[in-house]
Amino acid sequence: MVLNSDGTKKPFRKQKPSAPRSAPDKPGLQARAAAAKILAAVVDRKLPLDGALDHEHGNPAYKALGEGDRALVRAILNTTLRHLPRIDAAIAVLLDSPLPEGARALHHVLAIGAAQILYLDVPDHSAVDLAVEQANQDPRNRRFAKLVNAILRRLGREKNEVLEKIGQVAPMPAWFIARLEKAYGREAALAISESQLEPAAIDLTVKSSAEDWAKRLNGVVLSTGGVRLAAFEGGIPLLEGFDEGAWWVQDAAASIPAKLFGDLSGKRAADLCAAPGGKTAQLILAGAAVTALDQSESRLRRLRSNLERLGLKAETIATDLTKFEPAERFDAILLDAPCSSTGTTRRHPDVLWTKGPEDIARLAALQERLLRHALTLLKPGGMLVFSNCSLDPAEGEEVVARILADTDAVERVAIDARDWPGLEAAVTPLGEFRTLPTMLKMTGGFASGLDGFYAAVLRRTA
């Protein structure tokens, strides 16, 4: 018996059960919730993934996580975006009727859960439990919690059958597959689509002997003259040669445009959209006195920092290229123009979900304006390399064709495929470069492929 302080009997009160663990305390839940929020930002609001995952200015839910959970969020999002058409197809296979109109938050919870079950090394029960918890914690999704549970549990049970059913679904959005098919044919389009599922290689451009650095870093020398690394533990800055600026990370395809000039000793060269500076560094090492331009001062600060690590110097100017009028014209100009970046989906799987046909048209028009102005900055006899990392001919071949059709005193300089052993297929009949992610096959444990890139060499004749 329990008594009050005055000796009277204290009335019995039923003990309340202890509150269940709150959702935010459930291990892994905050990471899944952050992943769903960021997926919504990318797919529905067309916001770039890199911005959301920025450690200083990124999504608040992501920034609130520890580094281990941040790594999990990155893995979930990259996997989901790479496989999203197949994930959507898998969910559709298991639904008796389509999700309610406008149920985007529910879709993202299911997609995040399905990605873990189908493609990541996450226990199925954990993926299901956390997805159901997410649904219960969101007023928009609470009434669908049982549906989330049923769909994801069934997906776990029928994983192999579902994967077989969705295997013929191209893992790129339909709008872009259609554009690839028009440009390269159905078979090549599907091969390019599949190639984005492969891990991107880490390639280095080196200041000295590629053979020596390949040996030191357990890599292999590429036909582009760079070094491709095998898988390794730890970060890039920990590798031998980083601190002393002996090399920099640069995809094999991205290293090609600057190499098309050859020896630039004694020449004045301009890199017109220069940041982050990999191509600027190449032009300096080719012997040129380089002026590096970029519209963004913050991007130029990054370029200067990169050049400082490499022990290289260039004149840098923050300016709008279309208003740039130098006192003296240049012998060589590299214009690696802003583009849709559709050739980089192995590294940036959000690109095809944040861009659309209207973006490609807008960027192609911008590229044409930049290229027309860049040609006015070139000396007679000078060479200009126009390039970008888009897979779409609207941003490459078609831009150059229009320039050549209506611009006096400009000619194409054909690239000789014999100068590019191993990449002969990337040189088009017109003598332009068009790399595809399916090229540069490798063996011996090295990742295959390279970014999709376009490059053409133009000469001013008068």
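Student: What makes the charged end of Arg-216 count as sitting over the ring of Trp-213?

Tutor: Please note that the model is a predicted one. The charged end of Arg-216 lies 4.3 Å from the centre of the Trp-213 ring. The rule asks for CZ of Arg within 6 Å of the ring centre and within 35 degrees of the ring normal, and the charged end of Arg-216 is accordingly listed as sitting over that ring. A further case is Arg-309, whose charged end sits over the ring of Trp-247 at 6.0 Å from the centre.

Student: Why is Ala-31 called buried?

Tutor: Its relative accessibility is 0%, and the term applies under 20%; therefore Ala-31 counts as buried.

Student: Where is Ala-31 found, and with which residues is Ala-31 in contact once neighbours within four places in sequence are left aside?

Tutor: Ala-31 belongs to helix H1, residues 29-43. With those neighbours set aside, its contacts are Leu-65, Asp-69, Leu-72 and Val-73; contact here requires heavy atoms within 4.5 Å. As for Arg-70, the C-alpha atoms of Ala-31 and Arg-70 are 7.1 Å apart in space, while 39 residues separate the two in sequence.

Student: How many aromatic pairs are there?

Tutor: The count comes to five aromatic pairs. One of them joins Phe-386 and Tyr-454.

Student: How do you know whether Phe-386 and Tyr-454 are buried or exposed?

Tutor: Phe-386 has a relative accessible area of 0% and Tyr-454 has a relative accessibility of 1%. Because buried means under 20%, Phe-386 is buried, and Tyr-454 is buried.

Student: How do you know that strands E1 and E3 pair?

Tutor: Two bridges join strand E1 (residues 203-206) to strand E3 (residues 227-229). Pairing requires at least two bridges, so E1 and E3 pair, and they run antiparallel. Leu-204 stands opposite Val-227 in E3.

Student: What makes E2 and E4 edge strands?

Tutor: The open sheet has four strands in the order E2-E3-E1-E4, with antiparallel pairing. Strand E2 (219-221) and strand E4 (247-249) each pair on one side only. From one strand to the next, the twist averages 30°.

Note on methods. Residues are numbered from 1 along each chain as its sequence is written. This is a predicted model: local features need pLDDT of at least 70, side-chain atom pairs count only at pLDDT 80 or more; totals for chains, interfaces and linings use all residues. Side-chain values use heavy atoms; hydrogens and water are left out. Buried means under 20% relative accessible area, exposed over 50%, partly exposed in between (1.4 Å probe, protein chains only). Rings of Phe, Tyr and Trp (its six-membered ring) pair if their centres lie within 6.5 Å; planes under 30 degrees apart count as stacked, over 60 as edge-to-face and the rest as tilted. Axes are lines fitted to C-alpha atoms, for helices over the stretch in contact, and angles run from 0 to 180 degrees between N-to-C directions.
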